[in-house]
Amino acid sequence: MRSNESPLTEIYIPGEWSDAVEFIVSKWSPPPIVLICGAKNCGKTTFSRHLMNVMLQNGMCSYAKVAYLDTDVGQPEFTPPGFLSLTIVDKVTSDLTTPCLKTPERCLYFGDVSSKRDPSTYLNYVFSIFDYYRREYYMFDEEDNSPGTLVPLIVNTPGWVKGIGYDILVDMLKHICPTQVVKIGISSTNKNLPAGEFWLDREHDGTIDLIEIKSARQDSFNRSVLVQKDAHLLRDLRIMAYFRQCFPGDSDISTIKELANSLASHCPYEVPIASIKIRHLHCEVRSSEIFYSLNASIVGLAVDSEEPEGLPWCLGLGIVRGIDTVRGVLYVITPVPHSSLERVNLLLQGYIQIPTCLLQVYGCISPYMTANALTTS
């Protein structure tokens, strides 16, 4: 979607950052597990993406794949907002200024842009995704003590590092036990994390490398690069980019109005209500009000686990654009492929909403009222 913002065409990587990345990639055996932390707007995402690129193209020490664990539900790197995800990346991202959507290996739908509403569930999700990574991508052969599947991991964290946010970060660090921790500081010292290995209850045992660097405050021309971001706008743009995937890449859709019109005329899937469960995240809704709350909402499309403590892996997002209670069907728009939708048996409704700009386009029919539909069964 077009935006009035014009990001810098080139990201300046300070020498201090380059030295930190060079040190990390030199620790290639075993592959590093790197956690990046720091206050809001300090450059965590840019550093993470730069590190990932260097890992993928660093000559003899390069990796075929790098795992990326994103725990920032407000400004995720590869998914729409509201997700915690593990993405396996095998290609260099040439543009560090623009977020790009990728299909995660595994993701869980938290349904909110901050962990404040439910810290315990948030941590449970982080731990579950990390444990999946350890099982699938960081295993040693116990018989001969040799490396099995070993893929390096980059963990990007939120910028909420005070109060409960600090406690959450400490718990994440203790569970993940990274090989390197990159702590980025900003000029407002009262907003930074404490000095040293703040998460340890004991003296440093030498297994963790703490790398403390400063944010990239100026570019190569001495211009400030720490601009305040409009988080709400960026989230709306990411949601619109996600649902833009409902249409072929060569479709003539480049403005918000064109997207709104395309969604309004797009043929949705017809989902039998009897075939799915509905779960509201972070709140309770009366049974008599469930369909009112679902109409014109964004939902996570998940696969409910049959295991007692299993979490519902999510396959993507959908817009509930209509409900026919007489026929017992929901009308859902989603870019998730039909082959994957056949596995969906759970809808998760949180606090991620349809961008209001899609609902207030002059001359455009609301994109969630329809009569024609595709069936998923």
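A salt bridge is taken here as a side-chain nitrogen of Lys or Arg within 4 Å of a carboxyl oxygen of Asp or Glu. The model is predicted, so that local features need pLDDT of at least 70 and side-chain atom pairs count only at pLDDT 80 or more, whereas totals for chains, interfaces and linings use all residues. Residues are numbered from 1 along each chain as its sequence is written, and side-chain values use heavy atoms, with hydrogens and water left out.

The structure holds 7 salt bridges. In one of them Asp 304 pairs with Lys 277, the closest N and O atoms being 2.9 Å apart. Asp 304 lies in the loop between strand 12 (297–303) and strand 13 (313–324) and Lys 277 in strand 11 (residues 277–280), so the pair ties together parts that are 27 residues apart in sequence; helices (H or I, at least four residues) and strands (E, at least two) are DSSP runs, numbered from the N terminus. Through salt bridges that share partners, Lys 277, Arg 279 and Asp 304 are joined into one network. Asp 304 is buried, with a relative accessible area of 14%, while Lys 277, at 48%, is partly exposed (buried means under 20% relative accessible area, exposed over 50%, and partly exposed in between, with a 1.4 Å probe and protein chains only).

A further salt bridge joins Arg 49 and Glu 77 at 2.7 Å, N to O. This pair links distant parts of the chain, with Arg 49 in helix 2 (residues 44–56) and Glu 77 in the loop between strand 2 and strand 3, 28 residues apart. Arg 49 is buried at 2% relative accessible area, and Glu 77 likewise counts as buried at 3%.

Strand 8 (residues 180–185) is mostly covered, 6 of its 6 residues being buried. Gln 180, Val 182 and Ile 184 point one way from the strand, and Val 181, Lys 183 and Gly 185 the other way. Strand 8 runs parallel to strand 1 (residues 33–38), to which 5 bridges join it, and pairs in the parallel sense with strand 9 (residues 209–214) over 6 bridges; strands pair if DSSP finds at least two bridges between them. Val 182 stands opposite Ile 211 in strand 9. Lys 183 also forms a salt bridge with Glu 212, the closest N and O atoms being 3.2 Å apart. Lys 183 counts as buried at 6% relative accessibility, whereas Glu 212 counts as partly exposed at 45%.
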